[in-house]
Amino acid sequence: MDLSLLGQYVLNGLMLGTIYAMVAVGFTLFFGVLDVIKFSHGDVLMVGAFTGLVAYLGLSALGVQSNALLTLGVMLSAVLLIALLGAALARWLVLPLRGAPPINLLLITLMAGTVLREAIRLFYPAGANPKPFPRLLPADSVSFGALTLRFDSAILIALGLASIVAVHLLVTRTRLGLAIRAVAQDSETAQVVGMNFQRIVLVTFAIGSALAALAGVTAGLYYNEINFGMGLLLGVIGFSAAVVGGLGNLYGAILGGFLFAGLQTLGAVWFAVPAYKDVFAFAVVILVMTWRPTGLIAEQSAERV
Amino acid sequence: MSETATLLRCEGLSVRFGGLTALNRLDLRLRDGEILGLIGPNGSGKTTFFNALTGLYRAAGGRTWFAGAEITGLRPQAIYDAGIARTFQRSRLCLPLSVFDNLMIGNHRRLSLGLWFNLCRRSRFAQELQRHVERARALLAAFHPRLPERMFEPAGALGMIDRRRVEVCRALISEPRLLLLDEPSAGMTHDETRELMDDILAARERLPGLSIILIEHEMGVIERVSERCVVLNFGEKICEGPFAAVVADPQVQEAYLGSSS
Amino acid sequence: MSARAAQQPVLWPAFAATGAIACFAYLFLRVEAQWEVAALAVGAVLALLAFGRTRLGAAVGAAWSVRPVPLAWGALLAASVVVALFAEDHFALLLIATVLLYGLACLGLTIQFGYAGVVNFSGAAFFGVGGYTAAVLATHTALPHPLVLAAGGVLAGAIGSLLVLPLLRTRGHYAALITIAFAILFKTFLEVNDALGGPQGLKVPGMRMLGWSFNDNIPLGEQTELSFYLSYAVFSLLLLAGALLLMRRLERSWLGLSLDAVRIDETAAAVFGFEVARWKILAFTLGNVLAGVAGAAYAMMTGFVAPASFTFAESLIMVSIVILGGLGNPVGVLAAAALVLVLPEKLQVIQEYRFLLFSGFVILVLLFRPEGLLPRTLRQYLPGWGRA
C-alpha cells in the first residue's frame with residue numbers, strides 16, 4: 001500500500017493508543033489503590049465528553065469567540081467536574097462495598113456505568129443521537145512528501161501523552177503520589193501509620209476520572225462527534241489494555257493501550273472487512289491472557305496461604 | 001534410623017519468592033509414627049515449609065520423599081492422595097457450608113464423584129452418605145461430645161474453638177499417614193489447648209501409624225507432645241533434637257531473644 | 001436451618017405458597033391498570049424478602065426438603081393451570097414462555113456462578129449460539145427438532161470450551177475480562193458475517209415435533225382457537241422442570257459439594273484433593289449447554305435471530321438476575337427473571353426507562369441487600385436428612 005495510507009493508519013493508531021492509554025492508566029490507578037475494577041470508567045469518559053460539549057455551548061452562548069479560550073474552557077470544565085463525579089462514585093458506591101466479594105464491586109460499577117449511559121440517552125436533548133463536537137483546534141495539516149499530518153492530531157497526541165506523563169510524575173515524585181503508592185501497596189499499614197485512607201482513595205479516583213474526561217474531550221475533538229454509547233467500548237478496551245499490560249503497573253497500562261490500538265490497526269489493515277478489527281483485537285487479548293494470566297508485566301501481589 | 005522407618009525425607013528443600021529466600025536448603029527426616037515439633041520465630045519459614053510440602057509453593061531446589069516415593073513437585077491433589085493432610089494457620093473452613101460438608105471436603109478420597117452415580121444412583125448414594133455420616137459423627141464426638149449435634153449447622157455458626165476442632169477433624173477424616181498442624185492452638189487458652197492436643201493424641205491412638213508435624217508457638221505444647229524438634233530461623237534449620245536440648249541451645253535462644261552483644 | 005422440624009413436616013404451607021404464587025402470576029399477567037401492576041410488583045418483592053426470613057418460609061423450605069415429590073407435582077399442576085387460563089392470549093403466553101426460557105438460561109448461569117464461582121459475562125452469547133444453531137439447522141437440514149435443540153446446547157458447550165483454557169488460568173478480574181471480551185467479540189462477529197445474516201439476522205422456522213406444528217393455532221371445537229404460543233409455553237415448562245430436577249440432584253450430591261468447595265476456597269479444595277479444573281469445566285460447560293438449549297427454543301418460538309438480541313447488555317441483565325434472585329437459589333433466580341422480564345412489559349410507563357431503573361435497582365440491592373431476594377439454604381443431601 002502507498003505510504004500516505006500507511007502513514008494515515010499509523011497516525012490514527014497513535015491517536016487511538018493515546019486515548020486508550022489514558023483510560024487504561026485510570027483503570028490501573030483504581031486497581032492499585034483499591035483492588036477494584038471500576039467498570040463505569042468508560043461511561044465516566046463519555047459524561048466528560050458531554051460535559052465539554054455543554055461547556056462549549058454555554059461559553060459560546062456567552063459570547064466567547066476565541067478557539068483557544070473555548071478549548072481551555074471545555075477541557076477545564078470536563079476535567080474538574082468529572083473529577084468530582086469520580087470521587088462521588090468512589091465515596092458512595094465503591095468504598096461502602098470494600099468488604100464485599102469483588103464480583104459485587106464489579107457489578108455495582110457496571111450498573112453505575114449503565115445508569116450514566118441511560119441518563120445521558122434519556123435526559124440530554126435528543127441524547128440517543130450522535131452529537132457533533134466542535135472543531136476547536138486548527139484544522140490545517142502539513143505534508144511531508146506523501147504523508148499528511150493534521151495539526152489537531154499532533155496537538156491532541158502531545159496533550160494526551162503529556163497528561164499521562166504528568167500523572168506518572170505525580171504518582172512517582174510527589175508526596176501525594178507517595179501516599180497513593182503506600183495505600184496501593186498495603187492499605188492496612190498505611191492507615192495504621194496515619195494516612196487518611198478515604199481521602200487518598202477519593203483523590204485517586206478523582207485523578208483517574210479527570211484523565212478519562214480529558215480522553216473523552218480528546219476523542220470528541222478528534223472525531224468531531226460524540227454519542228452516549230461511546231463509553232462502553234472504550235471502557236472495555238481500556239480495561240483490556242490495562243490487564244494485558246499488567247494491572248497495577250502504570251507502564252503496563254500505557255504499553256497495553258498502544259498495543260491494543262496497534263492490534264486494531266493491524267486488524268483493519270489485514271482484514272478485508274474493517275469491522276473484523278475488533279474481533280481480531282479481542283481474540284488476541286484472550287490469547288495473551290491464556291499465555292500470561294496476569295498480564296505481560298506480571299502483577300506484584302501474592303495470596304497469603 | 002533405618003530407611004524403612006523413615007516416612008518423610010526432605011533434602012536441600014529451598015523456596016524462593018523473587019529475591020527473598022524463604023527456605024534455604026532444608027534437610028528434614030520424619031520417622032513413621034513420630035510427632036515432630038517445628039518451631040522458630042515468626043517468618044522463619046515454618047508455614048512456607050508446609051506449603052512447599054503440600055504442593056502449594058513450587059520448590060526452587062531440593063527433593064522430597066514420602067513413604068518411599070518421591071513427591072517433589074507434585075500437585076496438591078497428588079500430595080493429598082499420597083496421604084498427607086493439613087490444617088491452616090488462618091482457619092480455612094468453608095463457613096457457609098455445614099460442618100458435615102466441611103468434613104466431607106476432607107474426605108474427598110472416599111467420595112464417589114461420578115456423574116451417573118450422583119445424579120441417578122440415588123439409593124446407592126444414600127447408602128454411601130449414611131456411612132460417611134456415621135464416620136463423621138464418630139470423629140466429631142471424639143473431640144467434643146456435643147459437636148455431632150451441630151453437624152448440620154453452618155460452620156460459621158460455631159465458635160472459634162469448635163471451628164478449630166472441625167478443621168482438625170477435616171484433616172483426620174481421610175485417615176492420612178501424615179498430619180500437618182499449623183498452630184492449632186492460636187487464640188486458645190491453656191486449658192483449651194491441652195484439651196485439643198489430648199483429643200488429637202487420642203485420635204492418633206485410633207489411627208495406627210499417624211505421624212504429625214506440629215507448628216506451635218506455645219512451648220508447653222511442644223514440650224508435652226513432641227518427641228523431637230526442629231528449629232528454623234530465617235528459612236534455615238539451626239537446631240534439631242529433643243525439646244530440652246533444643247531449648248538450651250544458645251543459637252536457638254539467640255534466635256528468639258536476640259543476641260546479647 | 002435448625003434441625004428441629006417435626007419428623008413429618010406439614011405440607012399445607014408449601015401447597016399454599018405454591019397456590020399463592022400461581023394466583024399472583026395469574027393476576028400479574030391479567031391486570032392492565034398501571035397502579036395495580038405496580039402494587040403487585042412491590043407486594044411480590046416485599047413478600048419474597050419477608051418469606052426468606054420468617055418461620056413460614058422455613059416451614060415451606062423444610063417441606064420441600066423432606067417431601068419434594070408431591071409438592072413438585074403440585075407446582076407443575078399449578079403452573080399448567082396458569083398457562084391454561086391464558087390459553088387464548090398470545091401476549092401472556094409469549095411472556096410466560098420467555099420467562100421460562102430466559103429462566104432456563106439463567107439457571108445455567110447459576111450453575112456456573114452460584115455453584116462453581118465461575119462468572120460468565122457472555123451468557124447472552126451462548127444463548128445466541130443456540131439460537132443461530134437452530135436457525136441454520138432447522139432451515140437447511142431435515143434434522144428432527146428435538147435434536148436441533150440438543151445441537152444448540154452441544155454447540156454452546158463446545159464454543160464455551162474454547163474459553164475454558166484462559167478461564168482456568170486466570171482469576172478474578174482477569175477471568176471476568178475473558179468472558180466480557182468474548183461477549184463483545186461474539187456480537188461483532190455476527191454483525192460482520194453475512195453468511196449468518198449480518199445485522200439483519202436469520203429467520204428461524206417454527207418448532208415441529210412428532211408431526212405437531214408449534215406455529216399453528218390450536219382449534220378447540222368450532223368457536224375457539226387456542227394461541228399457538230400455548231405449545232411453546234407448555235414445552236418450555238417441561239424443559240424448565242427437567243432442568244430444575246437436574247439442578248436439584250446436582251446440588252444435593254457430592255458434585256454440588258465439590259462445586260461449592262471450589263467456589264468458596266480453591267486453595268483448600270486443591271489441598272484436599274479436588275480437581276479444581278474438572279469442576280470448573282463441568283459447571284461452565286453444563287451452564288452453557290442449558291443456555292444453548294434455551295436459546296434454540298427461544299429462536300424457534302420468536303421466529304428469528306439477530307445480533308442485537310445477544311449483546312453485552314443482555315448478558316449483564318442475566319448476571320444481574322442471578323445475583324438479584326439470590327446466588328445459588330434456583331427459585332429466587334426464577335422469581336427475579338419473572339420480575340425483570342415481565343415488569344417492563346406490563347408497566348408501560350417504565351418501558352423507556354427500564355435499563356436505567358433496573359440498573360439503579362441493582363445498585364440499591366448490592367448496597368443494602370447483597371444476598372438477593374432468596375438466600376441459599378444449607379445442603380440437604382436427601383429428603384429427610386439434616387438431622388444429627
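Predicted model: local features only at pLDDT ≥ 70, side-chain atom pairs only at ≥ 80, totals over all residues.
Trainee: Why is helix 3 of chain A called oblique to helix 8 of chain A?

Mentor: Helix 3 (residues 67–94) and helix 8 (residues 197–223) of chain A pack at an angle of about 140°, with their axes 7 Å apart. Roughly antiparallel would need an angle over 145 degrees, and roughly perpendicular covers 65 to 115, so helix 3 of chain A is oblique to helix 8 of chain A. The crossing of these two helices of chain A is right-handed.

Trainee: What makes up the contact of helix 3 of chain A with helix 8 of chain A, by nonpolar, polar and charged residues?

Mentor: The residues of that contact divide into 19 nonpolar, four polar and one charged. Helix 3 of chain A contributes, among others, A:Val74, A:Ile82, A:Gly86 and A:Arg91, while helix 8 of chain A contributes residues including A:Phe205, A:Gly208, A:Ser209 and A:Gly216. Since Arg counts as charged and Gly as polar, A:Arg91 and A:Gly86 of helix 3 of chain A are examples of those two classes.

Trainee: Which helix of chain A supplies the largest share of the side that touches chain C?

Mentor: Helix 4 of chain A does, with 14 residues, in a contact that brings 38 residues of chain A together with 35 residues of chain C. Helix 9 (230–245) and helix 11 (276–291) of chain A, like helix 4 (102–123), each supply at least two residues of that side, which divides overall into 31 nonpolar, five polar and two charged residues.

Trainee: Why is helix 1 of chain B described as mostly covered?

Mentor: A residue is buried if 20 or more other C-beta atoms lie within 10 Å of its own, and eight of the eight residues of helix 1 (residues 46–53) of chain B are buried. Among them are B:Lys46, B:Phe49, B:Phe50 and B:Asn51. The helix is followed by B:Gly55, whose phi is positive, near 85°.

Trainee: What makes strand 6 and strand 10 of chain B the edge strands of their sheet?

Mentor: Each of them pairs on one side only, in an open sheet of six strands with the order 6-7-8-3-9-10 and mixed pairing. The twist averages 20° from one strand to the next.

Trainee: How do you know that strand 3 and strand 9 of chain B pair?

Mentor: Pairing requires at least two bridges, and four join strand 3 (residues 35–39) to strand 9 (residues 228–233) of chain B, so the two strands, which run parallel, meet that requirement. B:Leu36 stands opposite B:Arg228 in strand 9 of chain B.

Notes
Residues numbered from 1 in each chain as written. Chains lettered and ligands numbered in written order. Contact = placed C-beta atoms within 7 Å. Axes fitted to C-alpha atoms, helices over the stretch in contact; angles between N-to-C directions. Parallel < 35°, antiparallel > 145°, perpendicular 65-115°, else oblique. Left-handed = near helix turned anticlockwise from the far one by under 90°. Buried ≥ 20, exposed ≤ 12 C-beta atoms within 10 Å, placed from the backbone.
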